[in-house]
Amino acid sequence: MAHESLLSIRGVSNTYVSHAWGIVGKRIAKPVLDNINIEIAPGEIFGLVGESGCGKTTLGRCILGLIAYEGEIFIDGVKQESRGRAKRRREMARRVQAVFQDPAASLNPVKRAGWLLEEPLRVHRLGSKQERLKRVDEILDLVGLDASYKDRRVNELSVGQKQRICIGCALMLKPELIIADEAVSALDVSVGAQILNLFRDLHDQLGLGMVFIGHNLNQVYYLCDRIAVMREGRILEQGEAALFAER
Ligand SMILES: Nc1ncnc2c1ncn2[C@@H]1O[C@H](COP(=O)(O)OP(=O)(O)OP(=O)(O)O)[C@@H](O)[C@H]1O
Ligand SMILES: [Mg+2]
């Protein structure tokens, strides 16, 4: 059933708890997110900007169900449970996927690209070997690499090609939503621009919804439909990207 919002974040707050001296020390609670509310429509690219340490990555991790939070997050009407049953977590993993800043850190350097791309399908036990290999070829084509790249080891790829493989891995399970956390920030200007265009093309071709976390405002204005500005764990303002770009 189609829902109006692809992603609905309602009153989400989060507090990290750490211990002052190892596990015996005093517990220190550090509030990071404070009552975040965001609605993202299907196929919308939503930008999240704000100073370092304001909680952008933490919010991304909440959406991915990787950490506990208060409040509610729905993806296409289905509630994300941060500490839900393994089966539910798997189902949610198919709906929402992430691309991170450092492609080299996300990929095992000695594995071949084809093996890595196939991995999500193996983990989720989807399709026969033949079907999985066909999907790997399709995804390579989608991310702008030819089929020969599946036999290349990760350490034989350029940083831009590695990021394309990371994006491919994220797309293998046909997610509805991608969280791109500083996914172009570590790349140099021209490679970053190519990856940004790839996100645009994927959005246009697949109707993918995306949360794009970034520092570079030009990139965010270029890619995103709407933007939220965060500060110290709160949303300061949110609105159409065009309105921000005019300022
Ligand atoms: N695992 C953790 N335990 C305790 N505190 C954490 C943890 N992870 C992050 N923090 C703190 O939470 C705050 C928000 O961190 P977060 O990584 O979400 O910021 P960010 O907005 O993504 O910053 P950047 O733009 O630098 O990536 C920071 O003050 C950080 O020190
Ligand atoms: Mg971050």
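The stops below are listed in the order in which to select them, and the model is a predicted one.

**The sheet.** Begin with the open sheet, in which 4 strands run in the order β2-β1-β4-β5 with antiparallel pairing. β2 (27-40) and β5 (78-79) are the edge strands; each has a single partner, so one side of each lacks a neighbour in the sheet.

**β1 against β2.** Select residues 7-19, which make up β1; this strand and β2 are joined in the antiparallel sense by 10 bridges. To find one of these places, pick Asn 14, whose bridge partner in β2 is Leu 33.

**The helix across the sheet.** Next select residues 56-63, helix α1. α1 lies across β1, β2 and β4 (70-75), and its direction makes an angle of about 115° with β1.

**The ligand site.** Now show the residues around ligand 1, among them Tyr 16, Lys 30, Val 32, Ser 52, Glu 182 and His 215. Which element gives the most to this shell? It is α1, with 3 residues; β2 is also a supplier of at least two. Coloured by class, the shell shows 3 nonpolar, 6 polar and 3 charged residues.

- Gly 53: a backbone N or O atom at 2.8 Å.
- Lys 56: a polar side-chain atom at 2.7 Å.
- Thr 58: a polar side-chain atom at 2.6 Å.

Notes: Residues are numbered from 1 along each chain as its sequence is written. Chains are lettered from A and ligands numbered from 1 in the order in which they are written. This is a predicted model: local features need pLDDT of at least 70, side-chain atom pairs count only at pLDDT 80 or more; totals for chains, interfaces and linings use all residues. Side-chain values use heavy atoms; hydrogens and water are left out. Two strands pair if DSSP finds at least two bridges between them. Contact means heavy atoms within 4.5 Å. Axes are lines fitted to C-alpha atoms, for helices over the stretch in contact, and angles run from 0 to 180 degrees between N-to-C directions. A residue is near a molecule or strand if one of its heavy atoms lies within 4 Å of it. A polar contact is a pair of N or O atoms within 3.5 Å; within protein, one must be able to donate a hydrogen and the other to accept it, and residues adjacent in sequence count only if both atoms are side-chain atoms. Ala, Val, Leu, Ile, Met, Phe, Trp, Tyr, Cys and Pro count as nonpolar, Asp, Glu, Lys and Arg as charged, and the others, Gly among them, as polar.
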